[in-house]
Each structure stands twice: as C-alpha cells, then as structure tokens.
Amino acid sequence: MRTMLKIENLTATVGEDDDAKTIINGLTLDVPKGEVHAIMGPNGAGKSTLSYVLTGRDGYEVTGGSATLNGEDILDMDPEERAAKGLFLSFQYPVEIPGVPVMTFVRAAMNSQRKARGEDEISAPDFIKQSREIGKALKLDAEMLKRSLNVGFSGGEKKRLEIYQMMMLEPNFLILDETDSGLDIDALKTVADGVNAMRSPDRGMLVITHYQRLLDHIQPDKVHVLSKGRIVATGGPELAHRLEKEGYEGILGEVA
Amino acid sequence: MDCCGGIDEHEDDCTDVKVKDSIDQSTVDAAKALESENYSAGFVTDIEMDMAPKGLSEDTIRFISAKKEEPEWLLEWRLAAYKRWLTMEEPTWAMVNYPTINYQDYYYYAAPKSGAKYESIDDVPKEILETYEKLGIPLREAEVLLGVEGAAETAATARETPRVAVDAVFDSVSVATTFRKELEKAGVIFMSISEAVHEYPNLVKKYLGTVVPQSDNFFATLNSAVFSDGTFVYVPKGVRCPMELSTYFRMNAENTGQFERTLIIADEGAYVSYLEGCTAPMRDENQLHAAVVELVALEDAEIKYSTVQNWWPGDENGKGGIYNFVTKRGDCRGDRSKISWTQVETGSAVTWKYPSCILRGDDSVGEFYSIAVTNGRQQADTGTKMIHLGKRTRSRIISKGISAGKSNNTYRGLVSINRKADNARNFTQCDSLLIGDRCGAHTVPYVENRRADAQLEHEATTTKLSDDQMFYVRQRGIGEEEAVALLVNGFVREVLQELPMEFAVEAQSLLKVSLEGSVG
C-alpha cells in the first residue's frame, strides 16, 4: 500500500498581507493508492480551502509544511501542471464558461494535459466515442454536451458535468468538494455511480463533505474530521455515522 | 452588470463602466502592455518612393490627380472637397485622446518609383513580394489557391472551388491584381479605383460619393480631397461573385497618410463577399489613416464586408501607432437588399470607426458584427449606425468589446427609425469583457424612434474575465495564455461565426496574439 497524496504539517493563509488569515493550520494526512478518504467538518473548518491549496488557486499562500503527489512536491506547480499530473477537483460551484461548448472545453483540456505529458492528442473519433459512452452513463445527452459549459444548467446538471469531465480526463487523484450539495436523491445516485466507477487500485480520492449522506453512496475507507484547519479525528465509516448522530459539537467537544 | 436595458425614444447615454475593485491582484500586477516584439509585422521595406510634396494644398491635390492622370471632373471633385474641408473642424465627441494632428506634416501621396503597372507578377519588385511573404499574404496566384492546386480554372469551376482573389494595395498604388480575368468572365469588375476611373468612368461617376457624401464628416471630406487608391468592385445583375474578394492594405512609407477609397456596387440580385485584412510596419511617428468605404446594394442584392484590422497599435507606452479614422457606410438602396459588416479590430493606437447601413429599400436588412480588442494604451471608439428608412426594414447589431491593459474601448451606436419605416425591427446586443482593472469599457447607445410599431431590443452586459473562470480552466490542465484565448473566443463566438472560414481562423490567432501578456 503506497501513499499517493501525502500532506505534512501544512499551513496556509488566505488574503493579503495584514489581512491574511491562517485557515489550514498544521494539517497532516496520507491517502494511499486505491483508497477513498472522506474529510468532514463544520462550516469554516477549511474544507474548501484545502481543496484550493492542493490545486494551486491564486490567493492561497502556503506558509509551511508540504504536500506531495506520488512523491512529487506539488505546491510549487502551476494549477495546469498539477492537473497534468493527474489531480482533479470537482468544484462545489462549477463556473460558467460562456460560448465554450462542453465537448470543446474537455477536448482542449484533455489535449493540453496530454501535451504536457508528452503524449499524442486524442483523435476526434476516439474522443467522440468516449464522450458518448460517459455521457450516456451520466444521463447527459449529446445536445447538452454541445451547450456552453455550465451556462443555463441546473445545479444537478452542473455536478454531473463535473463528473463527466472527471471521467473523460481520467485523473489519478480526485478531490470532490461538496459534490452532494444541491443534488436530489436521483442525481446523487447518478453522480455517486460515476464516482464509484472511477474507483480503482491505481486511484486515490478525497471526498470533502459536510453531510454523511454522500458517504452512503460513496463508501470511504477512512473518515477524517477537520476542524480549525487540522485533522482532529480519524476513523472508519462509522465515524461519519457518529457525526450524523451526535453532530460536530459532540465529536469536537470530545477531542478538544 | 447589465446596463442600458431600456428602449428609449430619447438619447440614452449609459457610460463609464470602469472597473475599480480588484478581484485578482496578480492579474493586475502582471497586466502587461502589448510588447513591440510581439508585433511580427513591424518592418519597413526599402524601396524608392515617389512622393508628393509634404503637406496639404491645392497643389498637392493637383499633383496627386496628375500622377494618376485623372479626368478633369475628378480633379474638380477633389478640389471641391478640399475647399469644404478647409471650413470644417476635426470632431472631438469620440472618447479618444491623441495629440493634435498637424495635417501639413504628412505626405499625401507615395507610389513605388518603378511605376504602378505590372504586366505580370514577375515584374513586381522583389522587395514588395518579400514584404507580402513576411506578412504571410498570398499574392502569387498559386498561393492564393486555398488548398487547391492549379491556377487556370474557368469561371465555372471557380464557382465550385472557394478561393480568394487578392487586390494588393502597396501604399497608394495597386501593384498586382490576381484572378482578374476569371472575374471578368463572370462579369465582375474588380480593380483599383484609379484604374476604374479610366476604364469605367461612368460607373465611378454614378456612384462615387453617393453613400458617403463629400461633406459627410471631417475625415471623409479629407479623404475625398486626397484619396490615394483603393478597390472598386461592380457585380452585375443576377451574378453571384464566384470567389471571395480580398484586399490587403499596407502602409509602408514613413509619414505617409493613407487614404483608401473603396467603392463596391452589387447590382440587382447580385451577391459579393469582400474581405479586408490589414497589417502595418511598426514606426515611431503616428500615422494618419482616413479611409472611406462605400457600398451600394440594389434590389435583392447582398454585400458581405469583413475586416480583420491589425495595424501597429503603438508600443507599451502608447508611443507610435496608427490613427485610424474610417468612414464606412452601406446603402441598401433597393428593396430586399442586405448589407452585412463583420469586423475584428485589434490594431491601431486610435480607432474611430462606425460601419453603418442606410436601410432605404423596403424589407432591406442591415447587420453589424464586431469584435474590438484594445490592449496597452489603445483607444477604440467604434460601433454602427442603422438608419431605417424603408418599410419592414430589419437590423441586427452584435458588438463584443474586449479591453485589457490600460486601454479604453467604447461602443457607440445609433438606431434610427424614420417615420416612414413601418414595422421596423432592431436587435442590439453589446457585451464588454474587461481583463485586468486598469482598462475601461463604455457603451453609448443612441435610439431615435419615430414609429410606435417599431420593435427595438437592446441588451448590454459588462463582465470581467474572472479569477474563478481562470482557475477553473487552469485546473482542467489548460495553461494561462490558452485559458485567456479560450475564454475570449467563447465571448466572441457569435461574431466569429459570421466570418468567412479563412478569416475566422486568422481572427482567432490574432485575438490570442493581441491579448498575450494581458494576464499573468
């Protein structure tokens, strides 16, 4: 069992100079290959910040510690380099990209990543075939995939489009940020089926969520509780159930 | 931000959408002006020039007219324009600032010394051909063939094979015309306007100055007095022009004002698509450019006029660059005629340009599709006028302005519904995209409506290229410059779709080059 994502004593701030606030505060976490880890925590615990720090968003400054993916330091890489290394973030709030059709976008992304890795571009027939299969599995019809990315789509459709992109790009490490928010039960099931299809011995996954509900559909190997920027409790799936029953206050009171 | 949503019968001025609040400090800090090295078209060809004396006077005009061996009526026409011009004042209403132009400091005529006429392309001086090669302009017939081999087709096969005929304007004189013979077979006249004055004086006399009158505006009147050369196109009744017509204007001699005059006539039931593309060498002194383009569409005729403009915009400090004061207007003179303007404007230090349509014929249609990009310290004040005179006339305006660096980009448009224009319709959409927070976007729509049954729609948006979008695209593996290009191409997609295929590809790469270094 080899560690895939390794985070050690990470600290990070958000904001400029005097206004900078420490949001991630000494976080340590290992996600081995083939495992799915859930990160749960109350609002403001630093869940989304962690996903942005790992993927390299501007405005988040790492002030200490390290993060490696398959042994490579990712913190100095540009976001696109991290993506080419196989890091994928499913956004809590997918962003509208007007005038750029879903398929055009994904093909551009796929080819940029391939180019960065020194691979050939995907051929048009292969791309279309793959897109059709994945679209079908996620109940996204061809017309939807020709529309501008995330423009005029419902919340549930946007989340399915995130999973579509994920399945097309075939990343080796996935971060799902509040993927269950705004989903009804049917959409949740479709999304979870897509994510579960991605589970493999070669892939790692970090599932960030506020509620236990998503974890009924995506069974985690481990559950971590995040509070004030660090992991305060780690356990098996039963920890998520306890959180659901006792609330964050119960657990946090206990570990504090 | 949505602004100017209402439809008014009075002037509606809703301006100054300046971005002050910063979303992305790194974008701002790194926003760089377009660097001169990025401008690959900047070089000067060294050939001897035959110049008019510096400055503007009756003598200059006589010199130009004599050089071109023009008939007396045209000299008189020019002189009348000059007299009128002397009484006019340079307009100041546009949202552009530039140093006062001393019109006596320019040369108003320059021609390659070895003469204007070449029997074949082999007689064209080597330097000129090399200049075109550097620009990637396909002058030689074989190169003009777009992926098609063999240059000796008949007009019949030409109809089946899409190609572009090039009338190359090197400074003031047309030096080579390709595909002329083939066009002649179809009855299409495509030549420099100087030649047309000699070969088709009646046609020129009949239409010259009928769309943009001599007295129209300061710059158009100046052009009428000193116009150097330009293109003349006549498509006879019922003829669909067998190929896209294209002209590349190129200013070359130092301090040469460039005053093209283009006249395109589509006779009843005719169709023509004309492409205009421009680059210019880099230099320090500002260059004055005041073109006039007149289009006439008779009954059931259609003219499609597309422009890609990439003149030297000046360096990152705003030094140098072209002053571009253009009057372009189309007259839908006949019933059911249609004129469509599509423009991609990325160059020039100052742009002042409003391609317009006079919808005179009943059921005539006017269209304006525009992409205007400003970066560095460029200033653009551009838009259109749709003048509805005929019954059931329709117009459509889609304007996409992109501002980066410290530039200013203004859309200025007029939709005028005359009292005889029953059931006229207009749809206007102007969108602005801001890159960084030191640029400005302004929207100045005017509406004059004299009809209760007119249907007018106006939509306007101003958006910023957001950090959210940039991060989202980059997280998927797309690099920064590519991400900007992708987002910008998405923003202008509706307009790019209106361009002929070969121009659309060129326009996309032009947009990318124009915005290089604008984030980062």
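Mentor: In this predicted model, helix α6 (residues 155-169) and helix α7 (residues 185-198) of chain A pack with an angle of about 15° between them. Angles under 35 degrees count as roughly parallel, so α6(A) and α7(A) are roughly parallel to each other. Their axes are 10 Å apart, and α6(A) passes α7(A) in a left-handed crossing. On the α6(A) side, the contact is made by A:K159, A:R160, A:I163, A:M166 and A:M167. These meet A:T190, A:V191, A:G194, A:V195, A:A197 and A:M198 in α7(A). By class, the contact of α6(A) with α7(A) holds seven nonpolar, two polar and two charged residues.

Part of the strand content of chain A is an open sheet of four strands, ordered β2-β1-β4-β5, with antiparallel pairing. Its edges are β2 (21-32) and β5 (72-73) of chain A, each of which pairs on one side only. Inside the sheet, β1 (residues 3-14) and β4 (residues 60-69) of chain A run antiparallel and are joined by eight bridges. For A:T11, the bridge partner in β4(A) is A:G64. Helix α1 (residues 47-55) of chain A packs on this sheet and touches β1, β2 and β4 of chain A. The direction of α1(A) makes about 110° with that of β1(A).

Chain A also has an open sheet of six strands, in the order β6-β9-β10-β3-β11-β12, and here the pairing is mixed. The edge positions are taken by β6 (87-90) and β12 (230-235) of chain A, each pairing on one side only. On average, neighbouring strands of this sheet are turned by 20° against each other, direction ignored. A parallel pair within it is β3 (residues 36-40) with β11 (residues 222-227) of chain A, held over four bridges. A:A38 has A:V223 as its bridge partner in β11(A).

Helix α11 (residues 467-475) and helix α12 (residues 480-491) of chain B have axes that come within 9 Å and cross at roughly 120°. That angle makes α11(B) and α12(B) oblique to each other. The crossing of α11(B) past α12(B) is right-handed. From α11(B), the residues B:Q469, B:M470, B:V473 and B:R474 meet B:E480, B:A483, B:V484, B:L486 and B:L487 in α12(B). The residues in this contact are six nonpolar, one polar and two charged.

The other pair is helix α3 (residues 72-86) with helix α10 (residues 218-226) of chain B, packed at an angle of about 145° with axes 7 Å apart. α3(B) passes α10(B) in a left-handed crossing. In α3(B), the contact involves B:W77, B:R78, B:A81, B:Y82, B:R84 and B:W85. Facing them in α10(B) are B:F218, B:T221, B:L222, B:S224, B:A225 and B:V226. The contact of α3(B) with α10(B) comes to eight nonpolar, two polar and two charged residues.

Terms used:
Residues numbered from 1 in each chain as written. Chains lettered and ligands numbered in written order. Predicted model: local features only at pLDDT ≥ 70, side-chain atom pairs only at ≥ 80, totals over all residues. Heavy atoms only, no water. Pairing = 2+ DSSP bridges. Helix = DSSP H or I, 4+ residues; strand = E, 2+ residues; numbered from the N terminus. Contact = heavy atoms within 4.5 Å. Axes fitted to C-alpha atoms, helices over the stretch in contact; angles between N-to-C directions. Parallel < 35°, antiparallel > 145°, perpendicular 65-115°, else oblique. Left-handed = near helix turned anticlockwise from the far one by under 90°. Nonpolar A, V, L, I, M, F, W, Y, C, P; charged D, E, K, R; others polar.
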